[in-house]
Amino acid sequence: MAYHLSVSAILSWFNVLPLMMFSHSLLTSLAHFPDAHFSVLHTIHAQANKPVRHKMPDSDKRTLATWHLWSLDPVVVELQLCPAARAVKIAELMIPRHIGFLDSNTGSVARKFQGLYDAAAPTLKHSERALQLNARLLKLLLQKKPSLKDDAQFHPPLIGSEDTGKASQDLIDNLENCHYQKHASTLTFRPSTINPHIKPYIETCLLNSTLPHEPVTTISIMHCGALLSLETAAPTSTSEIHLLSGMRIYLSYPPLAHNIALLQAYFQELDKGLIPNAAKVCASMLDGIAILQQPGQIVTIPPYCPTLVFAPKTNAALMLRAQHKADLPSRLHYVDLLVCQVGASQRVLGHPEAVDGAVEYKIKQLYADLSVFLGAKGEEDMVDGVSMAAMGRAWKKGGVCFREMVERYVCEGVREDFLNSVPGLWTKAVRLRSLTKCPVCEKGTRDIGSTFMEHFWREHWGGNEGEGEKGTD
Ligand SMILES: [Zn+2]
């Protein structure tokens, strides 16, 4: 309620000062979109002639031709109130007709997003259960026991010889200072010792994964004006972010081939040590969603959605990341993207030497999950909605790449095990489900002229069947 009041109060002067501040940048960014350009110009002219505009009832606003612009009001208003220079750049991404505004009351934007790639869309919900941890308690805990954040790191790292310990303490002390912007960076750490305060809550979350990994829990504290850029998202996981204080703005794009290609090019540039402009990349992406998150709300971002997170206010959040069996086909399909993302994020953190180890860990995890899926009886995997057909299609795209990753990143000893056992896993999956067609190429198992194992080795595992144990099918 308080929020609605503040927005209407702001809207009453929205047209006088902030629109003038923003009109130049907004118009610059809209130059590529003639239709939108016209609408904005039209709005600005209309407003210039009427310097005092009283807030119109929502029903009137919705009938205006410029509704698509007004629908982004809540996000644009918060960006205008943010003193950080970067807020202007983020506002430039609020391109009418290219970004929809997601609030917890309207589902149309999420439905459109969902329709685009036939999977989950980002969501914004009010937390149904109270979390025992709030910003004040978090601050107290961290002030009492500074060792709780021993593994904390800034993303991006602080520039020059800045003392990370002191900077993190300053940020924690200023957690309730909504425009504290000493650094444009985000402090993240694993809250292992805060666990007693969050464990009962986490156990009730809907993130229970059927894969053999615990959800990863992280606390992140953002300076006002900080940006968590595209490389910080964990593409293979569903991320659930519980905001404890302040405010966050998300820009999330669906994993359309066009968007993923842009994301991959961005990662590759970072990996080469270049500094690509994330905002520019996002400006070229299609069909995004803007989300404005308040304390007590939970934002869920599905896997493979390129996402930026901006802090219009100093904020703290608890994040849970989990991998689901239903996302296994995507992990195979985008296995090359995963490698670029790991490379990009480690390089940004200043640890290029850690890339190989981090990729090896991910590849081993994928292998383990694949074994669980392929070794499961048919009915079990249907629970998660993963079919052999979806896995077969994903393998067609990513199987050979997965093999290359195993050869390149997995340590000797384990590598040979992986290489030799994959065709056997698929053979077992086909047998368990009594399939009459190869899930990858859809040839009938009677027509392949050899055992399924030999066929898989030859056609889908880039090797010769002599390398592995012979199948019996
Ligand atoms: Zn086949």
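1. Start with Gln153. In this predicted model, its bridge partner in β4 is Thr188. The two strands involved, β3 and β4, run antiparallel and are joined by three bridges.

2. Strand β4 also pairs with β5. β4 spans residues 186-189 and β5 spans residues 216-222. Their pairing is antiparallel, over four bridges. Thr186 is bridged to Met222 of β5. Leu187 has Ile221 as its bridge partner. Phe189 stands opposite Ile219.

3. Next comes β12, residues 315-322. β5 and β12 pair in the antiparallel sense over seven bridges. Here Met222 has Asn315 of β12 as its bridge partner. Met222 therefore deserves a look from both sides: in β5 it is the partner of Thr186, and in β12 its partner is Asn315.

4. Now the whole sheet. These strands belong to an open sheet of seven strands, in the order β2-β10-β7-β12-β5-β4-β3, with antiparallel pairing. Its edges are β2 (123-126) and β3 (153-155), each of which pairs on one side only. Neighbouring strands are turned by 25° against each other on average, with direction ignored. As background, strands of a sheet pair through backbone hydrogen bonds, either parallel or antiparallel. In a regular strand, side chains alternate between the two faces of the sheet.

5. Which elements do the buried residues of α10 pack against? They pack against α9 (135-144), β4 and β5. Helix α10 covers residues 164-173, and Ser168, Leu171 and Ile172 are buried in it. These residues lie on the same side of α10, because they cover an arc of only 100° around the axis. The general rule behind such patterns is that an α-helix has 3.6 residues a turn, so residues three or four places apart point the same way.

6. Leaving aside neighbours within four places in sequence, Ile221 is in contact with Leu171, Ile172, Leu175, Thr186, Leu187 and Ala316. Two of these, Leu171 and Ile172, are buried residues of α10. Leu187 is also the residue whose bridge partner in β5 is Ile221.

7. On the core: the largest nonpolar core has 113 residues. Ile221 is among the members that touch the most others, along with Met94, Tyr266, Ala290, Leu308 and Ile363. Helix α18 (residues 388-409) gives the most to this core, with eight residues.

8. Val335 is found in helix α15, residues 335-348. Is Val335 buried or exposed? It counts as buried, because it has 23 C-beta neighbours inside 10 Å. Beyond its neighbours within four places in sequence, Val335 is in contact with Gly398, Cys401, Phe402 and Met405. Val335 and Ile363 are 28 residues apart in sequence, with their C-alpha atoms 8.7 Å apart in space.

9. Ile448 is partly exposed, with 17 other C-beta atoms within 10 Å. The cut-off for buried is 20 or more. Cys438 is 10 residues from Ile448 in sequence and 9.0 Å away in space, C-alpha to C-alpha.

10. Overall figures. The chain has 20 helices and 12 strands. Of its 473 residues, 42% are buried. Among contacts between residues at least 6 apart in sequence, 81% join residues at least 24 apart.

11. Last, confidence. The mean pLDDT of the chain is 79, and 76% of its residues reach 70 or more. Over residues 1-62 the pLDDT is below 50, though this stretch has 55 contacts in the model beyond near neighbours in sequence. Residues 468-473 also have pLDDT below 50, with 19 contacts beyond near neighbours in sequence. Where pLDDT is low, the predicted coordinates should not be read in detail.

Terms used. Residues are numbered from 1 along each chain as its sequence is written. This is a predicted model: local features need pLDDT of at least 70, side-chain atom pairs count only at pLDDT 80 or more; totals for chains, interfaces and linings use all residues. Two strands pair if DSSP finds at least two bridges between them. A nonpolar core is a set of buried Ala, Val, Leu, Ile, Met, Phe, Trp, Tyr and Cys residues joined through C-beta atoms within 7 Å. A residue is buried if 20 or more other C-beta atoms lie within 10 Å of its own, exposed if 12 or fewer, and partly exposed in between; C-beta atoms are placed from the backbone. Two residues are in contact if their C-beta atoms, placed from the backbone, lie within 7 Å. pLDDT is the predictor's confidence in each residue, from 0 to 100. The arc is that of the directions from the helix axis to the C-beta atoms. Axes are lines fitted to C-alpha atoms, for helices over the stretch in contact, and angles run from 0 to 180 degrees between N-to-C directions.
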